Amino acid sequence: MPRATAASPTPEVADAVRCLRAGGLVAFPTETVYGLGANARDPRAVARIFAAKGRPADHPLIVHVAEAAQIRDWAAEVPALAWQLAEAFWPGPLTLILRRRPEVPDAVTGGLDTVALRVPAHPLAQALLSAFGDGVAAPSANRYGRVSPTCAAHVHEELGTAVDRLLDGGPCAVGIESTIVDLSQGSLRLLRPGAVTAAQLADALGQPLDASTSAPATRAPGSDASHYAPAARVLLASTDTAEALVRQRLAQGERVGLLASAAPPGLPETVHCLTLPESDDGQARELYARLREADHRDLTTVVAVLPPATGLGLALADRLRRAAGLGQSFDAPPDSSALELSDGP
Ligand code: TXA
Ligand code: MG
C-alpha cells in the first residue's frame, strides 16, 4: 500500500482533500471514534454537518488539526497549560477548549467565544489533516443523540449517503470520545471524561487536580441527558443488582440484554449477553459496538453493569449514564467530579 504523507497523500486521501476543499463531507477514523468532517473555514460546509446529523445548529464542533503548532491559527490565547498538555497528549484523545480567534466561524463555535481543538493520532486522520493543511471541523459521525461510530460500517449505518467520502481506517483503538478540558477561564476544567484520565492529566501537569468546584455546566451536546443512546431502554445496575433487574424485566415480557464483562451464573437463557472485555480499555473499545448490537437484536431493555467510576471507568460510567438518559456522572466520587487546576499566578 502506498504510504500517506503530507508530501504524497494516497489517491484516496487526495480525493478526500479535494472533497473537503469543494465543501463536501468526509467521514474519517480517529483513534477515539469516527468523525464527520468539513472544512472548518467554510460555514456552508459546516452547516451540512448539522443537516446530516440532525444536530441543533448552536452546538459547537471540535476543530481537528495535524499538529499542535496549528492551534495558533484558531486560538487567540494559548496558555502555557495548553502547550504542556499538547506536548504530553497530542497526537491523542484530548480536546482543548481555548479562547478563539475572531475569524473562527460561528458555525463551528456555536457562537461561543471559545474553540475546541484536537490533534488526533489515527494515521489516516493524520494523513488527511496534514494533506488538507488546515482545520477540519468534525463531530462524531452519528445521527444526533445516537451512539458514536467506532468502525466504517457504523458510519454507513448512521449517515448513509449524507457522507460524500468515507475513509475506512478499521476499528477505533480507543472507542470512546476524547477527554475535553476547558482552559479558556485561566484554570483547567474537565468538561467530558475520556481516554485521557484525570490521573494522567494531573501527572502531566505535576500537580493534583482540585475537585472542590461544582459540576461542569457548559451547554454542550455531549452534556445532554440522553446521548450515546441505543433504541433500547438502558438501566444501570451493579454486579449485585443486575440479575434481579434482568429477571424482573424478563417477567414483564421485555427482550432483555445484559451489558457486562461477566454474566452471573444461572442467568435465564432468554437473556442476550452483550459481553464486554474485562479490562477497562477493552470495555471502552467495544462499548458502542455492544450498544449497537442491542439494537440489531431488537432488545427493548439493556441492563448495564456500571464499572467503578475511577480512571477510564469514569468515562465509561459517564457514557452509560447518558445512554440511560441520566446525564453526566459528575456526582461520582469527589476526586473525579468537576476538576479544576489553577494556571498559576
Ligand atoms: O473523540 C472525539 O472528541 C470525537 C472525534 C471525532 O474527534 N469528536 C466528538 O465530537 O466527540 P462531538 O461533536 O460528538 O463532541 C464534541 C463535544 C461536544 O459536547 C461539544 O459541545 C463540545 O465538544 N465542544 C465543542 N466546542 C466547545 C466549546 N467551545 N466549548 C465547550 N464545549 C465544546
Ligand atoms: Mg458526538
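Q: Where does H9 bend, and what makes this a bend?
A: Helix H9 bends by about 45° at Glu286. The bend is the angle between two fitted axes, one for the seven residues ending at a residue and one for the seven starting there. Helices (H or I, at least four residues) and strands (E, at least two) are DSSP runs numbered from the N terminus.

Q: On what basis are these values given?
A: The model is predicted, so local features need pLDDT of at least 70 and side-chain atom pairs count only at pLDDT 80 or more, whereas totals for chains, interfaces and linings use all residues. Residues are numbered from 1 along each chain as its sequence is written, chains are lettered from A and ligands numbered from 1 in the order in which they are written, and side-chain values use heavy atoms, without hydrogens and water.

Q: How do you know that the span of helix H9 agrees with its number of residues?
A: The expected span is 1.5 Å times one less than the number of residues. For the 17 residues of H9 (residues 280-296) this gives 24 Å, and the end C-alpha atoms are 24 Å apart, so the two agree.

Q: Which elements do the buried residues of H9 pack against?
A: They pack against helix H6 (152-159), strand E11 (256-260), strand E12 (272-275), strand E13 (301-305) and helix H10 (312-323). Among these buried residues are Leu287, Tyr288 and Leu291.

Q: Why is Ala38 called buried?
A: Buried means under 20% relative accessible area (exposed is over 50%, partly exposed in between; 1.4 Å probe, protein chains only). Ala38 has 0%, and is therefore buried. Ala38 lies in strand E2 (residues 35-39), and its contacts (heavy atoms within 4.5 Å) beyond four places in sequence include Leu20, Ile49 and Gly135.

Q: What makes Arg41 sit over the ring of Trp74?
A: A charge sits over a ring if NZ of Lys or CZ of Arg is within 6 Å of the ring centre and within 35 degrees of the ring normal. The charged end of Arg41 is 3.8 Å from the centre of the Trp74 ring and is placed over that ring.

Q: What is the predictor's confidence in the chain?
A: The mean pLDDT (confidence in each residue, from 0 to 100) is 89, and 87% of residues reach 70 or more. Over residues 212-219, however, pLDDT stays under 50.
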